[in-house]
Amino acid sequence: MYQTQSFRSPSCTMTSKGAERKVGFELEFSGLTLQQTTEIVRKTLDGTLEHQTAAQTVIHCADLGAFNIELDWNYLKEKAASDKDQPWLELLSDAASLLVPVEVVCPPIVLSQLDRLDQLVVQLRHAGAIGTEESMIAAYGVHINSEIPSLDAATLFDYLRAFSLLQWWLVEAHAVNTTRKISPYIDLYPEKYIKQLLSRDHPDMEMIFSDYLEHNASRNRALDLLPLLAEIDEDRVRRCIDDPKIKARPTFHYRMPNCNIEHENWSLALSWNTWWVVEQLASQPDYLNELSAAFLAAEQPLMGVSRKLWTEYIDQWLKNHALA
C-alpha cells in the first residue's frame with residue numbers, strides 16, 4: 001500500500017538566522033498504554049525518564065530533546081497533576097488508553113535528522129500501535145510543526161497563499177480519512193478568506209493578522225496559524241481567542257495527515273513529503289502570482305470556485321512543474 005520514502009528537503013532549509021530549520025511531529029494513535037509507549041520511546045531513542053504522571057511522561061534524549069508522551073484527556077491530566085500518588089490513577093490511565101489516543105509529541109528536530117524517527121515508528125507499529133482507521137469516532141492524525149524560514153510578513157504571506165491554493169488538493173493527496181474530514185478539527189480555510197488573501201498585494205503583518213483572525217479565529221484548521229501569530233503578537237491573538245491550548249511558537253501547525261502507523265512501510269516521511277509541496281510552492285513567488293490569478297479568474301457567479309475543477313487543475317499543474 002505504501003512505498004518507503006525519505007524526507008524531502010524544501011528549497012529553504014535554513015532560517016533567516018542561519019540555523020538549519022527544524023520540524024516537530026505529533027503522532028496520535030491507540031493500541032498501547034501510556035507506559036508501553038513511554039518505554040518504547042525510551043529504548044528506541046536511548047533516552048531517560050525525566051517526568052512522569054499517570055497521564056503524561058517526558059523522555060529526554062541527549063541529542064534530540066524532550067519527547068512528551070500523554071493521554072489526550074484533560075480530566076486525567078488535571079487529576080494526575082494534583083493527585084500524583086493515587087494508585088487508582090494508574091488503573092484509570094490504562095483503561096483510558098482503550099478510549100482516548102496516546103500522543104507522542106516530538107521536539108523540534110533539524111531537517112537532516114528527521115530520519116531518526118523512522119525506527120521509532122517501526123517499534124510502535126510492532127508493539128501494536130494503530131491509527132486513524134481504528135476508530136469511526138476518533139480522528140487520530142499526524143501534526144507537523146514546521147519552522148518558518150523567516151518571521152516576516154512577506155514569507156508568511158507566501159506560505160498562506162501556497163497552502164490556500166493547495167488545500168483542496170492536499171485533502172486528496174493525503175487521502176484524508178472520512179472520519180477526519182467530517183470532524184471539526186481540520187476545517188479548511190473558507191473560500192471567502194482565500195479570495196481576500198489572494199487579492200492582497202504585499203500585505204503588511206497588520207493586514208495578515210486582521211484577515212486571518214476575521215475568518216479563522218479557531219484552532220480547528222488544517223493549517224492552524226494561531227501558534228505562529230501568537231509568537232509574533234500573543235496579546236492580539238488572545239484578545240480574539242483566549243484558548244490556553246494555543247502555545248506561541250515560530251512554526252506552522254499542520255494537522256491534515258492521517259496517522260496510518262499500523263500499515264507496513266507507512267512513515268512520517270509520507271506526511272512530510274506532501275507538506276513539502278507547500279514548502280516548494282511558497283518559495284516561488286512567480287508561481288504563486290500565476291496560480292492566485294487563475295484561482296480568482298475561476299470564480300463563477302453565485303457558485304464560487306469549483307472545488308473539483310480546481311483540484312484537477314492544480315494536480316495537473318503540479319505534475320507539469322515536477323512538484324507532484
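Q: Which residue forms a salt bridge with aspartate 211, and how far apart are the closest N and O atoms?
A: In this predicted model, the partner of aspartate 211 is arginine 200, and the closest N and O atoms are 2.8 Å apart. A contact counts as a salt bridge when the side-chain nitrogen lies within 4 Å of the carboxyl oxygen, so this pair qualifies.

Q: Where do aspartate 211 and arginine 200 lie?
A: Aspartate 211 belongs to helix α8 (residues 205-215), while arginine 200 sits in the loop between α7 (191-199) and α8. The pair therefore ties together parts that are 11 residues apart in sequence.

Q: Is aspartate 211 buried or exposed?
A: Read the relative accessibility: under 20% is buried, over 50% is exposed, and values in between are partly exposed. Aspartate 211 has 6%, so it is buried. Arginine 200 has 30%, so it is partly exposed.

Q: How many salt bridges does a search of the whole structure find?
A: The search finds 11 salt bridges. One of them joins the side chains of arginine 21 and glutamate 279, at 2.9 Å from N to O. This pair links distant parts of the chain: arginine 21 is in the segment before β1 (22-29) and glutamate 279 is in helix α10, 258 residues apart. Arginine 21 is buried at 1% relative accessible area, and glutamate 279 is buried at 2% relative accessibility.

Q: Which residue forms a salt bridge with glutamate 26?
A: Glutamate 26 is paired with arginine 249, with 3.8 Å between the closest N and O atoms. Glutamate 26 is in strand β1 and arginine 249 is in the loop between α9 (226-240) and β9, so the bridge ties together parts that are 223 residues apart in sequence. Glutamate 26 counts as buried at 7% relative accessibility, whereas arginine 249 counts as partly exposed at 24%.

Q: How many aromatic pairs are there?
A: Ring centres within 6.5 Å make a pair, and the angle between the planes gives its type. The count here is 13 aromatic pairs. Tyrosine 189 and tyrosine 193 have ring centres 5.3 Å apart and planes at 80°, so their pair is edge-to-face. Tyrosine 189 is buried at 3% relative accessibility, and tyrosine 193 is buried at 0%.

Q: Is the pair of tyrosine 254 and tryptophan 275 tilted or stacked?
A: Their ring centres are 4.8 Å apart and their planes are at 40°, so the pair is tilted. This pair links distant parts of the chain, with tyrosine 254 in strand β9 (residues 251-254) and tryptophan 275 in helix α10 (residues 268-282), 21 residues apart. Tyrosine 254 is buried at a relative accessible area of 0%, and tryptophan 275 is buried at 1%.

Q: Which residues do ring pairs link into a cluster?
A: The cluster consists of Tyr159, Phe163, Tyr189, Tyr193, Tyr212, Phe252, Tyr254 and Trp275.

Q: Where does arginine 8 lie?
A: Arginine 8 is over the face of tryptophan 276, at 3.6 Å from the ring centre.

Q: How many residues line the second largest pocket?
A: The lining has 24 residues, and Gln5, Ala173, His174, Leu270 and Thr274 lie nearest the pocket's centre. The elements that give two or more residues to this lining are α5 (153-173) and α10. Helix α10 gives the most, with 6 residues. By type, the lining residues are 13 nonpolar, 9 polar and 2 charged. The second largest pocket holds about 510 Å³ of space.

Key:
Residues are numbered from 1 along each chain as its sequence is written. This is a predicted model: local features need pLDDT of at least 70, side-chain atom pairs count only at pLDDT 80 or more; totals for chains, interfaces and linings use all residues. Side-chain values use heavy atoms; hydrogens and water are left out. Rings of Phe, Tyr and Trp (its six-membered ring) pair if their centres lie within 6.5 Å; planes under 30 degrees apart count as stacked, over 60 as edge-to-face and the rest as tilted. Buried means under 20% relative accessible area, exposed over 50%, partly exposed in between (1.4 Å probe, protein chains only). Helices (H or I, at least four residues) and strands (E, at least two) are DSSP runs, numbered from the N terminus. A charge sits over a ring if NZ of Lys or CZ of Arg is within 6 Å of the ring centre and within 35 degrees of the ring normal. On a 1 Å grid over the protein atoms alone, a cavity is a set of points where a 1.4 Å probe fits but cannot get out, and a pocket is an open set with protein on both sides within 12 Å along at least five of seven lines; lining residues have an atom within 4 Å of a point. Grid points are joined across faces, edges and corners, and a volume is the space filled by probe spheres set on the points. Ala, Val, Leu, Ile, Met, Phe, Trp, Tyr, Cys and Pro count as nonpolar, Asp, Glu, Lys and Arg as charged, and the others, Gly among them, as polar.
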